[in-house]
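User: Could you walk me through this structure with me? I'd like to ask things as they come up.

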Amino acid sequence: MSSSPTETLVDVTMPQMGVSVAEGTVIEWRVVVGDSIEADQTICEISTDKIDSEVPAPVSGVVSEILVDVEETVPVGEVLARIAVEGGGGDPAPEPVATPTPQPQHARTNGAAAAPATNGRHYSPVVRRIAAEHDVDLTRVEGTGRGGRVRKQDVLAFLEAGPVLEARPVAEAGPVAERPGADAPLHIESPYRPEPAAASPTLSRMRRQIGEHMKRSLETAATCTTWIEVDMSRVERARAKLGVTALAFVARATIEALREHPALNAWLEGERYTAHSSVNLGIAVSLGDDGLIVPVVHDAHELSAEGLAARIKDLARRARSRELTPDEVRGGTFTITNPGQYGSIMATPIINQPQVAILDLEAVVKRPVVVTDADGDDSIAIRPITVLGLSWDHRALDGALAAQFLAALKRRLESL
């Protein structure tokens, strides 16, 4: 579709859906070339291993181009479509264009050769691949995604029920046929596929993506880490009263420390440094074998510790259920990671680009420490102690500022 000299073309790109997500698949177009659309109107649906989501139009205008076919997988940032925004001339004359074919010539389906029954419904490539490998009729699988969409875990649950596995030929079943009733070994990348005995272990695609993102961060930032010990006695009493975890109080104290030291609540993109007035707090959430995602509590500075606890719990639940929207995994200005919930006592977190710092919350462990009373006398007491680690970008910050931030955080947590 041609544009007039007074038109501006606005790109609609594949959104970033999380730390370890590098690509997405278009599963449905809601518009065709020539359609007039309003800002925020859904123009297509996309799918990743973590999120099925709708992509809104960034502006009002006329759909000028659709560049990616249904079922095509493209990297984050790839232009999906273009919208023509009229700049003063008459309305462009739309040319009739057929709806994109659901089976594009260059669509990537991850090697699936068979064509499972779909009954006209759209499925992501990974769902089609699993179904093809196990001769699953997808019309029999109950979807738990948005609008009843069938997700990867729905197919895996269907397979776990047994009927498809039982119907597999003995030769294909391999070790399972030799050991009736025994569970097949799980492949690190594909939990529904038995791992051949002689196969070498390989990284999953998601793990490779996380590794690439972290490696880019280490190559980009001049990363340093500073640690501080904190007596969590007051936090432990306060959280017990509210029935929440220590993370909520650490998050609240972090926000206050960021307001005191705003240089850490910032992005560094190339040589462009941007300090943010609002604290959009990222909270790293483990998805188990599926990797890691960092949902964002937007305007976290407006929330109390109790409010933060509720918001973090909700985001974590929906992250693990693959129900997050694109806006909930982007725009973070500072991140907290919480491996201490699994018992670890010290780590060196990697900065979530383009942020300039990340805070690591470790396990709260009772230890003997020296305490000083009001008269200045020392004694040994048992206290719940944690280590907070701050990884920071030496391009944007200095060690003194990092230490001052941690000291401010310690002071707040110990004086609740």
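User: For contacts in the chain between residues at least 6 apart in sequence, what share joins residues at least 24 apart?

Analyst: The share is 63% of the contacts between residues at least 6 apart in sequence, where a contact means heavy atoms within 4.5 Å. This is a predicted model, in which local features need pLDDT of at least 70 and side-chain atom pairs count only at pLDDT 80 or more, while totals for chains, interfaces and linings use all residues. Residues are numbered from 1 along each chain as its sequence is written, and side-chain values use heavy atoms, with hydrogens and water left out.

User: How many helices and strands does the chain have?

Analyst: The chain has 10 helices and 19 strands, both taken as DSSP runs numbered from the N terminus, with helices being H or I of at least four residues and strands being E of at least two.

User: And what part of the chain counts as buried?

Analyst: Of the 416 residues, 45% count as buried, and here buried means under 20% relative accessible area, exposed means over 50%, and partly exposed is in between, with a 1.4 Å probe and protein chains only. The accessible surface of the chain comes to about 20,400 Å², and 51% of that belongs to carbon and sulfur atoms; the areas come from the Shrake-Rupley method with a 1.4 Å probe, and for residues only the protein chains shown count as cover.

User: OK, sheets. What is the strand order in the open sheet of four strands?

Analyst: The order is β5-β4-β2-β7, and the pairing is antiparallel; two strands count as paired if DSSP finds at least two bridges between them. The edge strands are β5 (52-56) and β7 (73-75), each of which pairs on one side only. From one strand to the next the twist averages 40°, with axes being lines fitted to C-alpha atoms, for helices over the stretch in contact, and angles running from 0 to 180 degrees between N-to-C directions.

User: How many bridges hold β2 and β4 as a pair?

Analyst: Strand β2 (residues 23-29) and strand β4 (residues 42-47) pair over four bridges in the antiparallel sense, and W29 stands opposite C44 in β4.

User: What about β18 and β19, which residue in their hairpin takes a positive phi?

Analyst: That residue is G376, with a phi near 85°, in a hairpin that has five residues between the strands. Strand β18 (residues 365-372) and strand β19 (residues 378-393) pair in the antiparallel sense over eight bridges, and K366 stands opposite P384 in β19.

User: Switching to charges, how many salt bridges does the structure hold?

Analyst: The structure holds 20 salt bridges, each being a side-chain nitrogen of Lys or Arg within 4 Å of a carboxyl oxygen of Asp or Glu. One of them joins the side chains of E256 and R412 at 3.3 Å, N to O. E256 lies in helix α8 (residues 246-260) and R412 in helix α10, so the pair ties together parts that are 156 residues apart in sequence. Both are partly exposed, E256 with a relative accessible area of 32% and R412 at 22%.

User: What does R317 bridge to?

Analyst: R317 meets D314 in a salt bridge of 3.1 Å, N to O, and R317 also forms a salt bridge with E323, where the closest N and O atoms are 3.7 Å apart. Through shared partners, salt bridges also join R252, E256, E260, R411 and R412 into one network. R317 and D314 are three residues apart in helix α9 (residues 305-320), so they are separated by about one helical turn. R317 is partly exposed at 45%, D314 is partly exposed at 27%, and E323 counts as partly exposed at 37%.

User: Which residues make the nonpolar surface patch of about 320 Å²?

Analyst: W227, I345 and M346 make that patch. Patches are made of residues with over 30% relative accessible area and no salt bridge, like charges being joined within 9 Å and nonpolar side chains (Val, Leu, Ile, Met, Phe, Trp, Tyr) within 5 Å. W227 is in strand β9 (residues 223-231) and counts as partly exposed at 36% relative accessibility.

User: Last one, is N352 buried or exposed?

Analyst: N352 counts as buried, at 11% relative accessibility, and is found in the loop between β16 (334-337) and β17 (357-361). N352 and W267 are 85 residues apart in sequence and 9.8 Å apart in space, C-alpha to C-alpha.
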